[in-house]
Amino acid sequence: MDQEYTLYLDESKSVDNIFVVGGFACHINKEEIIERKLAELKKKIWKNPETREEKVFHATDYIKRYPEVFKDLIDIVEEVEGVVFATIIKLDELVELFGTGYSKSEKTEFALVEDPFNIALEKIIENYTHFLYYKHGYGKTVYEARNTENDKWNTSPDFLLKKDYLRIIANNKGVSYVNDEALKLCNTNFSVRRKKEDVAGLQIADNIAYIIARSMSYSLKENENISKIFDEIFDLAYNGNFNRKNKDLRHFYGIRILPEMFRTIPMERKGAGQIKYYNHMIKMLEERVKDLEKDPNAISKVDQGKFQND
């Protein structure tokens, strides 16, 4: 195994409670290109970036003033043959299914079975491992730091996330399809880098996560620019080593939405309103699959429908 990769990840959250961990993986020999291209883009926007005290590229600073920047960033990922990985979590639905003591109307506190960061990381590492295995490679994961100066390390967000990463690799935590041998063979390290370190790959990952979260936001669903950029991101999503003309599995291997749709639930388990809702959604998805099988060119229509209507 002589192919070494780096997976850059960051998170974002929309006003509609859509939580995303996402980013991209690329071969380590492409990292210099990423740094150079991002530096060129900063000069284009900032004119004199070397004189700026703040040198980190923030997605939220440019969505209105320079929306074309996002296209330039995705072009960098495409140029280095980057592959996009992300997990989208609909927090309200997750809480409704697995939370305790939660009320939308009363906005009470709730407890989840698992931290959304951990859930998202588990799915991404599983798919990243699949990618590495078929590339005959190995790779590390780099995440943007979330700790504050007041956090104690052994209870800090970064420590807990790295702890979960080690559990994934050591114990297959949250992994359903990839075996432990592949996890240990393909994954080498998990590191946390601070924003002030000006890591080019993480700044692009920040923008990827931001756009994916906003594309799922009901309040921004009609934003044509966001929709177009998301389409370009989705085009780079991992497809499980399959030829996309034969099988388009980007919703599973590349950008995954949780909670995933259930199969039909027995009616005797009550909660009939919710059951009818989920069964209706299942039926809609099955109809989309049939349409896709009849017309492969309908894939963009199906994908758009899934992300906008789920």
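Start by selecting K173 and D164: the two form a salt bridge, with their closest N and O atoms 2.8 Å apart. A salt bridge here is a side-chain nitrogen of Lys or Arg within 4 Å of a carboxyl oxygen of Asp or Glu. The model is predicted, so local features need pLDDT of at least 70, side-chain atom pairs count only at pLDDT 80 or more, and totals for chains, interfaces and linings use all residues. Residues are numbered from 1 along each chain as its sequence is written, and side-chain values use heavy atoms, with hydrogens and water left out.

**Around the first pair**

Colour the two partners by accessibility. D164 is buried, at 2% relative accessible area, while K173 is partly exposed, at 23%. Buried means under 20% relative accessible area, exposed means over 50%, and partly exposed lies in between (1.4 Å probe, protein chains only).

**Other salt bridges**

The structure holds 10 salt bridges. For another one, select K71 and D75, whose closest N and O atoms are 3.0 Å apart. These residues sit four places apart in helix α2 (residues 68-79), so about one helical turn separates them. Helices (H or I, at least four residues) and strands (E, at least two) are DSSP runs, numbered from the N terminus. K71 is partly exposed, with 35% relative accessibility, and D75 is partly exposed too, with 28%.

Go next to D235 and R244, where the side chains meet in a salt bridge of 2.6 Å, N to O. D235 has a relative accessible area of 38% and is partly exposed; R244, at 35%, is also partly exposed.

**The nonpolar cores**

In soluble globular proteins, nonpolar side chains tend to be buried together. A nonpolar core is a set of buried Ala, Val, Leu, Ile, Met, Phe, Trp, Tyr and Cys residues joined through side-chain atoms within 4.5 Å. Select F24, I208, I212, I233 and I255, which have the most contacts inside the largest nonpolar core, a set of 42 residues. Elements that give two or more residues to this core include β2 (18-27), α1 (31-46), β3 (83-90) and α8 (224-235). Which element gives the most to this core? Helix α7 does, with 10 residues.

Keep I208 selected and show its surroundings. Leaving aside neighbours within four places in sequence, I208 is in contact (heavy atoms within 4.5 Å) with G23, F24, I74, V77, V84 and I233.

Is T87 buried or exposed? T87 lies in strand β3 and is buried, with a relative accessible area of 0%. A polar atom of the T87 side chain lies 3.1 Å from the backbone oxygen of A120. Beyond neighbours within four places in sequence, the residues in contact with T87 are F19, V20, V21, A120, K123, I124, R256 and L258.

**Last stop: A170**

Finish at A170, which is in helix α5 (residues 157-171). A170 is partly exposed, with a relative accessible area of 46%. Select K184 as well: the C-alpha atoms of A170 and K184 are separated by 7.3 Å, although the residues are 14 apart along the chain.

Notes. A polar contact is a pair of N or O atoms within 3.5 Å; within protein, one must be able to donate a hydrogen and the other to accept it, and residues adjacent in sequence count only if both atoms are side-chain atoms.
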